[in-house]
Every structure is written in structure tokens, then in C-alpha cells.
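Below is a short briefing on one structure, with the points grouped by topic.

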Amino acid sequence: EGVGPTEYTALKLKVKEWSAEAAKVVESKIPADANVYFVPATLRPETMYGQVCCFVGPKIDYGVFKVSEKEYYVITKRAAWNMAFQGTFFNQENFPRDQKELQPVVELPGSAFIGTLVDAPLSVHKEGVRILPMETVSATKGTGVVTSVPSDSPDDYATMRELAKKAEFYGIRKEWAELEIIPIIDTPAYGNLAAKHLVETKKIQSPKDTALLAEAKDLAYKEGFYNGTMLIGEFKGEKVQDAKDKVRSALIKSGHALPFAD
Ligand code: A2H
């Protein structure tokens with residue numbers, strides 16, 4: 001990473017149906033007419049058409065934070081603090097004057113949310129996607145929530161494969177990890193499923209192959225950004241370099257995302 005903070009796009013994935021474990025706790029604490037969102041931070045807003053699930057770290061603690069009367073976000077406490085100080089989270093009126101006001105309404109480990117159904121903006125999977133576990137999520141980066149785009153992220157591809165292979169071990173339904181992976185970006189070097197191509201050619205066996213995954217991530221990112229062309233969406237046919245900011249702006253303008261620096 002460079003000198004300044006990373007400029008993320010924080011996407012809002014609205015909860016459609018809670019996991020049984022989260023429902024017990026959340027439904028008594030949050031008004032029925034409020035919307036709750038999982039808020040992953042991404043550097044690749046142009047890939048959001050290909051979301052197939054949303055990851056949380058099963059052992060990471062998450063808070064459900066009240067943003068306004070009708071809106072709550074599921075993120076780490078660290079991210080809530082960052083957002084509060086950027087003014088994107090709390091408005092002038094309810095900007096926290098003391099720590100107490102930034103306490104989550106509910107606090108739960110990521111594992112409690114597994115299976116929750118959320119609506120992923122722009123995703124071709126209009127029926128919604130599931131909250132699934134990813135062991136390699138960092139609690140101290142972004143919002144601690146990561147949306148999964150296995151067509152273009154080698155980490156996401158490796159984790160989806162692992163989850164489908166060992167669904168029972170991870171306590172999930174196999175079909176939650178097997179949503180169709182569609183091409184989003186065409187690249188001269190790696191074809192239209194760059195992450196799959198790189199995971200296969202580098203013989204990456206699992207999400208624990210961190211050194212190889214870091215190489216693959218770097219290659220996929222650079223090739224996608226500099227040489228990629230959009231295959232889907234409003235900016236189909238455009239260079240990724242041009243489409244990236246346009247997709248980001250559209251998501252922010254429509255209220256489906258917010259800018260977030262970390
Ligand atoms: B990216 P950087 Cl398609 N722990 O979004 C682990 N990974 C995290 C994270 C956390 N707490 N917070 C964000 N991330 C992921 C899409 C994507 C991403 C694609 C391709 C590459 C890619 C879909 N997942 O990232 O360390 C998020 O995944 C590779 C650069 O701040 C976020 O963007 O550079 C990216 O890592 C941020 O990583």
C-alpha cells in the first residue's frame with residue numbers, strides 16, 4: 001500500500017433473513033421496520049456484479065451499530081470508530097460526544113451470522129447471497145467484512161472452493177458456496193475468470209497458501225485494472241480503468257455504498 005489511507009468503497013448488503021443464532025439476539029433489539037446492512041469494504045467496486053456471498057471472520061467480534069432510526073450496520077467496532085470520525089456514519093446530530101454512544105446495539109462473533117441472507121447490490125444473484133466464514137479475514141483492516149467475488153479475487157476463489165469442499169465442517173449448506181461464478185472482466189493475460197485461472201495455474205490448494213495467493217492477488221489486480229474490459233453492467237465494453245470510478249459513483253449516488261478510508 002501507498003502513503004495515504006486506502007480509499008475503499010463500503011457496500012451496503014441489506015439483511016433479508018437472519019441466521020437462527022443471530023435472529024434470537026437481533027430481533028429483540030432492533031425495530032422491525034429498521035434495515036440492517038453488512039458493510040464490506042472493497043477496492044474493486046467494478047466487480048460487484050459477481051458477488052456470490054459475503055465473508056465474516058468466524059472468530060472476529062462484530063457490532064450492530066445504529067446509524068439512524070432506520071439504519072444499522074454490522075461491522076467491527078474499530079471500523080465504526082473510523083467511520084464516525086470520517087462523518088460518513090453518524091451525522092452532525094448524533095455524532096458521538098462520548099464513547100457510550102458508539103456502543104453496538106448487539107455484539108456477536110462472526111460465526112453467529114453464518115447463513116444470514118443478504119441482498120448484494122448489483123450482483124447477478126438477485127435472490128440474495130449468504131454470509132459465510134473466511135478464516136483469513138483481518139479484524140484490523142477495512143470493516144472486517146469482505147464481499148466475495150471469486151471471478152476476480154484469488155482469495156475469494158480459494159475460499160469458495162474450500163467451503164464447497166468441506167461444507168459440513170464449516171457448518172454451512174454446500175449450495176450456499178456454489179452460486180454460479182460469472183465472468184465480469186475480460187483480460188488478455190488471464191481470460192475472463194482471472195482468479196480461477198491464477199489459482200489453477202499457480203496450483204493453489206487452499207486459502208492457507210498465503211504466499212502464492214498474495215502473488216496471484218497482485219497479478220489479478222494489475223491485469224484487471226490496466227488491461228481489463230467490462231463484460232457486464234452499465235459500463236459494459238469500457239476499460240476497467242474508466243469504469244471503476246463510474247461504478248463506485250453510481251453505487252454511492254443510489255445509496256448502496258459509501259466512501260470509506262482506512
Ligand atoms: B477486495 P488491501 Cl474482486 N481482511 O474486494 C481480508 N481481506 C479484506 C479485508 C479484511 N478485513 N477487508 C477487505 N479485504 C479484501 C473485491 C476484490 C478485492 C476483488 C479482487 C481483489 C480484491 C472482492 N473481494 O482485493 O489490503 C477486499 O477484497 C485485492 C486487492 O486494503 C478488498 O478489495 O489492499 C481488499 O481485500 C483490500 O485489500
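Thr 143 lies in the loop between strand E10 (129–133) and strand E11 (145–148); helices (H or I, at least four residues) and strands (E, at least two) are DSSP runs numbered from the N terminus. At 1% relative accessibility, Thr 143 counts as buried, where buried means under 20% relative accessible area, exposed over 50% and partly exposed in between, with a 1.4 Å probe and protein chains only. This is a predicted model, in which local features need pLDDT of at least 70 and side-chain atom pairs count only at pLDDT 80 or more, while totals for chains, interfaces and linings use all residues. Residues are numbered from 1 along each chain as its sequence is written, and side-chain values use heavy atoms, with hydrogens and water left out.

**Surroundings of Thr 143**

- The side chain of Thr 143 reaches the backbone oxygen of Val 39 at 2.6 Å.
- Leaving aside neighbours within four places in sequence, the residues in contact with Thr 143 include Val 39, Pro 40, Ala 41, Tyr 62, Ile 75 and Phe 260; contact means heavy atoms within 4.5 Å.
- Thr 76, Ala 79 and Met 83 are also among the residues that Thr 143 contacts.

**The sheet**

- Nine strands form an open sheet with mixed pairing, in the order E8-E6-E7-E3-E2-E9-E10-E5-E11; two strands pair if DSSP finds at least two bridges between them.
- E8 and E11 stand at the edges with a single partner strand each, so one side of each has no neighbour in the sheet.
- On average, neighbouring strands of this sheet are turned by 35 degrees against each other, direction ignored.
- Strands of a sheet pair through backbone hydrogen bonds, either parallel or antiparallel.

**Strand E7 and its partners**

- Four of the five residues of E7 are buried, so the strand is largely enclosed by the rest of the structure.
- Strand E3 (residues 35–38) runs parallel to E7 and is joined to it by four bridges, with Val 74 in E7 as the bridge partner of Phe 38.
- Strand E6 (residues 61–68) pairs with E7 in the antiparallel sense over five bridges, and the two form a hairpin with two residues between them.
- E6 is also joined to E8 by four bridges, and these two strands run antiparallel; Val 64 stands opposite Val 106 in E8.

**Tyr 73**

- Tyr 73 is in strand E7 (residues 71–75) and is the bridge partner of Phe 65.
- Tyr 73 counts as buried because its relative accessibility is 3%.
- The side chains of Tyr 73 and Glu 71 are joined by a polar contact of 3.2 Å; a polar contact is a pair of N or O atoms within 3.5 Å, and within protein one must be able to donate a hydrogen and the other to accept it, with residues adjacent in sequence counting only if both atoms are side-chain atoms.
- From C-alpha to C-alpha, Tyr 73 and Tyr 190 are 36 Å apart in space, and they are 117 residues apart in sequence.

**Helix H1**

- The buried residues of helix H1 (residues 20–29) are Ala 22, Ala 23 and Val 26.
- Seen down the axis of H1, these buried residues fall within an arc of 100 degrees, so they line one face of the helix; the arc is that of the directions from the helix axis to the C-beta atoms.
- Ala 20, Lys 24 and Ser 28 are exposed on the other side of H1.
- Strand E8 (106–109) is included in what covers the buried residues of H1.

Conventions
Axes are lines fitted to C-alpha atoms, for helices over the stretch in contact, and angles run from 0 to 180 degrees between N-to-C directions.
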